[in-house]
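Dear colleague,

My notes on what was found in it follow directly after.

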Amino acid sequence: MQRAWRLWFVVMVVLTGGNTLPQAWAQRDTLPSQLYYATLSDLYQGYWNQALRDFVRAAQRGQHGGGGPWLDSICYYAMIGECHYQLGNYPAALENFTAAMQIWLKYPQWLLRVQWPERIQPATQVPVIPWGKSQRQVALGRFPARFGVLLGGKQAIPGLGFISTERIVAIDVDEIVRCMLWSMRRYRQLRGPVGTKDELAKQLVATFGKRPIRPNHWSGAWMDLLIGMSLRMQGRDGEAMGFFKRSLVAGGQFDHPLSALGLLELAEMAAEEGQFAAAEELFLEASYSAYVHEDYSGLLVLPEALHGAAVAHIIARPKVPLPTLEQAAAWAGRERIYWFQALWLTDAAELALTRGETAAGRALIDGARAVLVRRGIGRGRLGARYQHVLAIAAYQEGKRAEGDQALTAALAFQRAGGSLWAFHLAQLDTAYSKGKLTPRQAERLYQYLLRDPSPLDWQWRTLETLSILNIPHEKSFENWFFVSLQRRAPERAVEVADRLRRHRFYMSLPLGGRLLNLRWLLHGPEEAIPQPMRPRRRQLLVNFPAYEPAAKRCEQMIAALREVPLAVEEKNQRAQRAQLLAQLDRQGQLLELGLRHMAVRREPGPRLFPPPVDFKAVQESLRDEQAVLFFVRVRNQIHAFLIARKKYDTWRLRSPNGLQRQIASLLQAWGNLDRHHKVKAETLASQQWKTAATTLAARIFASPSHWRIDRELKELIVIPEGPLWYLPLEALVLPGEEDKQQLLIQRYRVRYLPFLSLVVPLKRGPRPLPRTLVVLGTMVPGQPPEQVQRLAQPMEKVLPEATFAPLSQLVPAGSLAPLVDRMVVLHEVPLSKGPYLWSPIPHPDALPTNRFNYWMQLPWGVPQELLFPAFQTAAASGLRGRSAQGRGDELFLLSAALMASGAQTVLLGRWAPGGASSAELLAEYLADATHATPPQAWRRAVLLMQETPVHVELEPRVDLDGQDAVPRVGHPFFWANILLLDRPTRLPEDREALAP
């Protein structure tokens, strides 16, 4: 009985790995199975879901030993992973590719058991490639379809001697190796830079580094491929390249069934170095090698090889035809390989469109559509690629609605999980949160994955780059911020925080800020474009020759309209002016269509606004008398940074959850209970608000060091965050004895900015403001128009050349914006529909063209200086109720958008007193603004009028209620509403020294 058990055990043992022999050999005539090869047809046709189901069935029926799935399952798992990959199911794809590689690691020595033929014979016939001819001087080898693999061994049995369990089994060795290589390739693509430190990659490098294959044999070429691929998984491309080059020929002379994979990797490495001409040749050679071996399973290289060749050709030689694509697509159509056919027709369409052959491009993309409608082929990555090129075609034809729809569909797939870049970031966040990375590793990876897109990104991976601009990843920036603090690098943390703000802003814009930055590149001030990026503007105009003439026509129309009065009374004149402005609107929309066309093409585009932040550059730009107070909201924390020219300090605000309540209490103490609430005289006479203002000051400036607010400073540049946007810091009470307490504005001039990078001045002098428009409306509902005209009288004295116009004399057109250099709006402007949907010049028709989001489009620019004293935010109601839900984000986005659209100085009301005090403060400010900086002029106006009595009869929101005491303008209700945004320019030293 014992002897029988031993004999059974010996027969079942595989001595190579200690696992039992795969079962039911007699029931299999191929490994991998016939079902596997049959299912490859569905995969190549693009029937993703059907192929996925059948590959899963093949895996369930695969060979199993005592250690689990056997070598044939490498193929099943690899192709299951490929189906998921093409559908954009990246977590499932990664799981299956990983499973395939782990099976290999269970049998690391199995290639030593392969019965390799001693020599390879040359092929007697070389197939004619339908789309080209190889230029490589190598022969085509004739390789067996199956190789024998020796399994089992000899076992010593006491009393019996040695019993042999050896058996030779025919296996498709090159298919198993190919699927292993493909799994490694996809694993690297899915893991990205995060995977370079993976334990799996380390194990594979160690395993293949031992070269477990017959020495000094032609099969060493296959091992070179495995070694090269494992090195690439670790990011060691320089070392991998030599192995890939050696792997291309077997026995020193023959192209083999796996040569195409080595060529494909070399081609991608060339493209990633920007060597697109060389990459194109390598991609084409990979396609030739994949075809000539006539191995149906080896066709997997073909779609990526010819797609890579097409993209490299578009970048390197966009004006040269590439008939290869259409020839290959025709072959794929004859062979009913629909995935390949649709992809190559789409690639051919993009090339035709790039060459300016719009009709041919449309015909090709329509041909791809006819293929994609078959059985769900258009799902997944292939469908997104098609939609992207369809958007290019539609924009090129002037069909904006179709283009927008196609681009939306492509980006929807990417946002739903189809973006590899976003998948890499998600994996990095997971690895960081689980402590699998050192702070140094996390810092390096975040710096790379959260980079601004490079020219290579835009050219080589356009849709991926467009996608990452449109996918929120605030969490990743927050992790990077904490990593920087963890590494005790506060300067880096500050830079990351400003980039986080920029990301929040871009996420609120169409195409993630891509259109905004193209506007800046093509129409922004020359001084705002770094010298190395200026050739990009010229190149764009060369690549899109119709754009520059349209832009010049727009400029000519603006110049002509600037000669016409801003306001007209006669009906016929208003109609004529409206007609001219409508023409300008249409011209601007044509330019916007041109921008969309550029945005979806392989055109590099720098991020110009806001400019990238550099901590040292910010410090160096500050004068000795200036400091920046920079707030950062990260998760449930608010960090503060006080930055001066030669030093900086950082601290965290205590109990940030209670900060908004304290700000609300202060706003309500000033009388802000509702935006139209009448403030009683007793409220304006009370000094109790100073207690809340003192407490808030102590909370905000609670730095752990001895340096709080330096008394030598004269100017404070504030970059608020969250609810701090509603808080006028200049109205806070600084610490000191009661009789020596000062408001912050009494010690410092204050200005605000949405980004730290804007602290660095533009290198230009101030522009003149020759054309000023003052819009007369009602700053408080029910206010008589004649009262507003009376309030405007002080401004008429300091602005004698300005146009003072009632709303009734202004046409509701967004194109009015570039016709004005300075605009003062004496009319209530509630911010109730979001930061971009309010109307700078309200009109009863509420036309979309009068909304601010229309002003952000072309023709370029809003007035350089904007004054909205009757602007209304959530602060007007004391942050009560639903109005406080924005948490200050709407003010941040609005401030950023105003400056992104060309405004340099903005006076924005947080609430609207709506009376003579506002008008007089503005008049004092405007009187000084010609010879002082805006912060200087505003501070002087406030201090000058501190003790000025309020004209109660001209203050519609003041209720004396029988009180005799007349309030003073010095109460914060009358002046602290103004949020002064100002981006500086390089000014003469004497002008900066004019601080009052």
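Two strands count as paired if DSSP finds at least two bridges between them, and the strands themselves (E, at least two residues), like the helices (H or I, at least four residues), are DSSP runs numbered from the N terminus. This is a predicted model, in which local features need pLDDT of at least 70 and side-chain atom pairs count only at pLDDT 80 or more, whereas totals for chains, interfaces and linings use all residues. Residues are numbered from 1 along each chain as its sequence is written, and side-chain values use heavy atoms, with hydrogens and water left out.

On the sheets, strand β8 (residues 147–151) pairs with β11 in the antiparallel sense over five bridges, and within this pairing L151 stands opposite R167 of β11. Both strands belong to an open sheet of three strands, ordered β5-β8-β11, with antiparallel pairing. Its edges are β5 (114–115) and β11 (167–171), each with a single partner strand, so one side of each is left without a neighbour in the sheet.

Another open sheet has four strands in the order β6-β7-β13-β12, and here the pairing is mixed. The edge positions are taken by β6 (121–122) and β12 (249–250), each of which has a single partner strand, so that one side of each is left without a neighbour in the sheet. The pairing of β12 with strand β13 (residues 254–255) is antiparallel and runs over two bridges, with A250 opposite F254 of β13.

Turning to the helices, the axes of α7 (residues 199–209) and α8 (residues 220–233) come within 9 Å and cross at roughly 150 degrees; axes here are lines fitted to C-alpha atoms, for helices over the stretch in contact, and angles run from 0 to 180 degrees between N-to-C directions. That makes α7 roughly antiparallel to α8, on a scale where angles under 35 degrees count as roughly parallel, over 145 as roughly antiparallel, 65 to 115 as roughly perpendicular and the rest as oblique. The crossing of α7 and α8 is left-handed, meaning that the near helix is turned anticlockwise from the far one by less than a right angle. In this packing A201, L204, V205 and F208 of α7 meet M223, L226, I227, S230, L231 and M233 of α8, where contact means heavy atoms within 4.5 Å.

Because D224 lies in helix α8 and R211 in the loop between α7 and α8, the pair ties together parts that are 13 residues apart in sequence. The structure holds 59 salt bridges.

Helices α18 (residues 420–433) and α22 (residues 474–486) pack with their axes 10 Å apart, at an angle of about 40 degrees, and are therefore oblique to each other. Their crossing, too, is left-handed. L425, D429 and Y432 of α18 meet K475, S476, N479, F482, V483 and Q486 of α22.

Finally, some backbone details deserve a look. Cis peptide bonds join F609 to P610, with omega about -15 degrees, and L858 to P859, with omega about 5 degrees. L511, although not a glycine, has a positive phi of about 55 degrees, and its place is in the loop between α23 (490–506) and α24 (514–523).

Key
A salt bridge is a side-chain nitrogen of Lys or Arg within 4 Å of a carboxyl oxygen of Asp or Glu.
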